[in-house]
Amino acid sequence: MTTETQLLNSNSCLISPAIPESGFPKSSPLKLGILASGSGSNFEAIAEAINNQKLNAQIQVMIYNNPGAKVISRAEKWNVPSVLLNHREYKNREEFDSQIVKTLQEYDVEWVIMAGWMRIVTQVLINAFPNQIINIHPSLLPSFKGIKAVEQALKAGVKITGCTVHLVDVEVDNGPILMQAAVPILADDTPETLHERIQVQEHKIMVGAIALAASKNQDLSSS
Ligand code: GRF
């Protein structure tokens, strides 16, 4: 067995900052609104963590923009209300974001989680939830921003890539980094095999970073 496969088989990877065994200091239950465009495996990881009491939160609503997205069945499974907001039916990004804000407010959301949300967001959404919007991206930012981040990493020939959870600002895949995980690239990786391994780590840091962000936020508000 090569060192490479040992590393993968033991499922160890580098996550920074580390997620403490006992979790981050508990905040009051977080009211999450999830934005998702596709498969929703990150949605599922959050729902599972809440169910296993690893995350003190409740998913108030899941908003999706692609009719027929797989994430809908995941929301049904977890009894989370879902709302379709199809960006194709809005005049511009701002109008679309205004409707998102309205929906999130109707569902009493505090933290907005972009879990595979394939839309560029505007100041309209950011102003409504200052420092309370979280995104996940399949690269070690600031490398490989934008679409096809996994393909970009393979093409660049880097030997380590990974994933990043960060707070959202108006620039795409920018904003303060909350947590990252490193994933080694193997010689025979395809975009699919590499993305699959990155997603295993995404699910860990997505949950860890939400808890971390919430605990930091509580520190700030109690100081
Ligand atoms: C993830 O790889 C995420 O980093 C990117 O979109 C993908 C969404 O996956 N932004 P899923 O829908 O959560 O399975």
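**Figure 1. Y90, F96 and W117 form one aromatic cluster.** The model shown here and in every view below is predicted. The structure holds two aromatic pairs. Y90 and F96 make a tilted pair, with centres 5.4 Å apart and 50° between the planes. Y90 is partly exposed, because its relative accessibility of 24% falls between the 20% and 50% limits. F96 has a relative accessible area of 3%, so F96 counts as buried. F96 also pairs with W117, and this pair is stacked: 6.0 Å centre to centre, 15° between the planes. The F96–W117 pair links distant parts of the chain. F96 sits in helix α4 (residues 93-106), W117 in the loop between β5 and α5, and 21 residues separate them. Both F96 and W117 are buried.

**Figure 2. Strand β5 (residues 111-114) is covered on both faces.** W111 and I113 lie on one side of β5. V112 and M114 lie on the other. Each of these four side positions is buried: W111, I113, V112 and M114. Strand β2 (residues 30-36) pairs with β5 in the parallel sense, over four bridges. Within this pairing, L32 stands opposite W111 of β5.

**Figure 3. Strand β6 (residues 133-137) runs parallel to β5.** Three bridges join the two strands. Between β5 and β6 the chain passes through helix α5 (residues 123-128). This β-α-β crossover is right-handed.

**Figure 4. I126 in helix α5 comes within 7.3 Å of V170, C-alpha to C-alpha.** The two residues are 44 residues apart along the chain. I126 belongs to helix α5. The relative accessible area of I126 is 10%, under the 20% cut-off, so I126 is buried.

**Figure 5. Helix α2 (residues 41-51) is largely enclosed by the rest of the structure.** Eight of its 11 residues are buried, which is why the helix counts as largely enclosed. The buried residues of α2 are S41, N42, F43, E44, A45, I46, A47 and A49. Q53 follows α2 and has a positive phi, near 60°.

**Figure 6. The ligand is surrounded by residues from several stretches of the chain, including S39, G116, H137 and E202.** From the stretch at S39, the surrounding residues include G40, S41 and N42. S41 and N42 are also among the buried residues of α2. I136 and P138 surround the ligand too, as do H195 and Q199.

Figure 7. Taken alone, the ligand exposes 370 Å². The protein buries 89% of that area.

Notes
Residues are numbered from 1 along each chain as its sequence is written. This is a predicted model: local features need pLDDT of at least 70, side-chain atom pairs count only at pLDDT 80 or more; totals for chains, interfaces and linings use all residues. Side-chain values use heavy atoms; hydrogens and water are left out. Buried means under 20% relative accessible area, exposed over 50%, partly exposed in between (1.4 Å probe, protein chains only). Two strands pair if DSSP finds at least two bridges between them. A crossover is right-handed if, with the strands pointing away from the viewer, the path from the first strand over the helix to the second runs clockwise. Rings of Phe, Tyr and Trp (its six-membered ring) pair if their centres lie within 6.5 Å; planes under 30 degrees apart count as stacked, over 60 as edge-to-face and the rest as tilted. A residue is near a molecule or strand if one of its heavy atoms lies within 4 Å of it. Accessible areas come from the Shrake-Rupley method with a 1.4 Å probe; for residues, only the protein chains shown count as cover.
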